[in-house]
Structures are given as structure tokens and as C-alpha cells.
Amino acid sequence: MSPSILFVLTSADTTLTGGNTGWYLPEAAHPYYVLAPHASIDFAAPKGPNPPVDQYSVEATKLANAKVLSEVKASDYDAIFYAGGHGPVIDLAFLPENAKLASEFYQSGKITSAVCHGPAALVGATDSSGDSIFKGKNFTGFSNAEEEAVQKVKDVPFLLEDKIISLGGSYVKAEELWQPKVVVDGILITGQNPASARGVGEAILKALQK
């Protein structure tokens, strides 16, 4: 039986300054096409069907069958993946039901993964001791420098790099902006930016095949 993976997307469609946001299409599409031949994939979002796609990432078909996040069970899946876009920093980072779900995946020893701003969805996740899943772990995600380069610092409630370092994580990044970087630390798999999305998908597949 093939493994099952839950892709979680944001339901947020505006930033703190009122700008357009949502989930970033390539960051879901690239891992999807790596994993789909080998795994069953479901989508979920806080508000369920038709999570808003970031219009800057391309027009996309609506995900009419996305599950309501609070109704999803970690026991039904082998891995969880959070796509980026600025949306996760707006909603998923602060939702108790998302923190609970991510914690359940991690505490069950299941692959817990994210790319770009997706790791923001994991800031509330804890291990069995109640510590952040990032404590003592290597991770990556959208860097402060990349956020400054796209002039979006004021659009988000926190900078991902700073936030996770404050939780005890050790931040790792590519040598240059926008270059791919994937970090695997046990069952925690993270990618720095949109260019890292395919690599995250490949890392998830490799981990599932162990």
C-alpha cells in the first residue's frame, strides 16, 4: 500500500498591509509531482475547500476538495507537508488546531516538512517533552535577507528566520539568495525558498522509502 501524505495550504488571502497572498503554487506543485507517482496525497486548509492561491504565483485551478484542517487526523497519513507563500505566517502559525496536528505528526515519528514560509506553520509544534520541534535542530526557510529583498517585512507578523532561531533552532541557508537549500534533520525536512520545493519533495520521497 502506498504511503499517504497531507499537503497543508494556507487560507489567508491578505497580508498585514492588505496585500494579496495565499499559498504559492510552485511550492506545492513541484513536491506534488515528485511524490504523486509514489504516494496518495490529500490537501487541507484551515477553511477547507478552495484555499486562495497567491496571484503572483500564477492563476490556478481551485482545490475544491481540500479538507477542513480541524477535521484531519494525523493517524491517516505518513507525512505532512506545508507549502509556502506568505499566508502560513498569517494564519497557520497561530492556529491551535494546526499546532496540535503538526505536533501529532512529529511525536508519532512521521515526516514533518515545509518549504519557504511553510515552516511558519510549525512554530507551535512541540515534541513529546513539550519543547519546540525546532529546539536543537537544523532547519531552513525563507531568510531575513530574502524577505527584505522582496520588501515584505511589514506584511508579516514575524520574520521566519528570527522566530525559529528564538525557538532554539539552528538556521542554515544557501550561500546566495534564491538558491535551493534543503535541510534534513531526522524527520524534520525544510526548504529555504521556491527554488527548494522540488528538493523537499525528493527528500520526503527518500525518507518514505527508507
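A nonpolar core, as I use the term, is a set of buried Ala, Val, Leu, Ile, Met, Phe, Trp, Tyr and Cys residues joined through side-chain atoms within 4.5 Å. Buried means under 20% relative accessible area, exposed over 50% and partly exposed in between, with a 1.4 Å probe and protein chains only.

**Ground rules.** I am working from a predicted model, where local features need pLDDT of at least 70, side-chain atom pairs count only at pLDDT 80 or more, and totals for chains, interfaces and linings use all residues. Residues are numbered from 1 along each chain as its sequence is written, and side-chain values use heavy atoms, with hydrogens and water left out.

**Core.** I looked up the largest nonpolar core and found 58 residues in it. Ile 5, Leu 6, Tyr 82, Leu 101, Leu 122 and Ile 204 have the most contacts inside it. Helix 6 gives the most to this core, with five residues. Helices here are DSSP runs of H or I with at least four residues, strands are runs of E with at least two, and both are numbered from the N terminus.

I then followed Tyr 82, counting contact as heavy atoms within 4.5 Å. Leaving aside neighbours within four places in sequence, its partners include Val 8, Leu 92, Asn 98, Ala 102 and Leu 122.

**Helix 6.** This helix covers residues 197–208 and reaches 17 Å from first C-alpha to last, close to the 16 Å expected; the expected span is 1.5 Å times one less than the number of residues. Its buried residues are Ala 197, Val 200, Gly 201, Ala 203, Ile 204 and Leu 205. They pack against elements including strand 1, helix 1 (25–35) and strand 8 (182–185).

**Helix 3.** I also checked residues 96–107, which reach 16 Å, close to the 16 Å expected. Among the buried residues of helix 3 are Asn 98, Leu 101, Ala 102 and Phe 105. The buried set packs against strand 1 (4–8), strand 4 (79–82), strand 5 (111–115) and strand 9 (188–191). Gly 109 follows helix 3, with a positive phi near 75°.

Gln 151 is not a glycine, yet its phi is positive, about 55°. I found Gln 151 in the loop between helix 4 (144–149) and helix 5 (160–166), exposed at a relative accessible area of 70%. Trp 178 also has a positive phi, near 70°. Trp 178 sits in the loop between strand 7 (170–171) and strand 8 and is partly exposed, at 37%.
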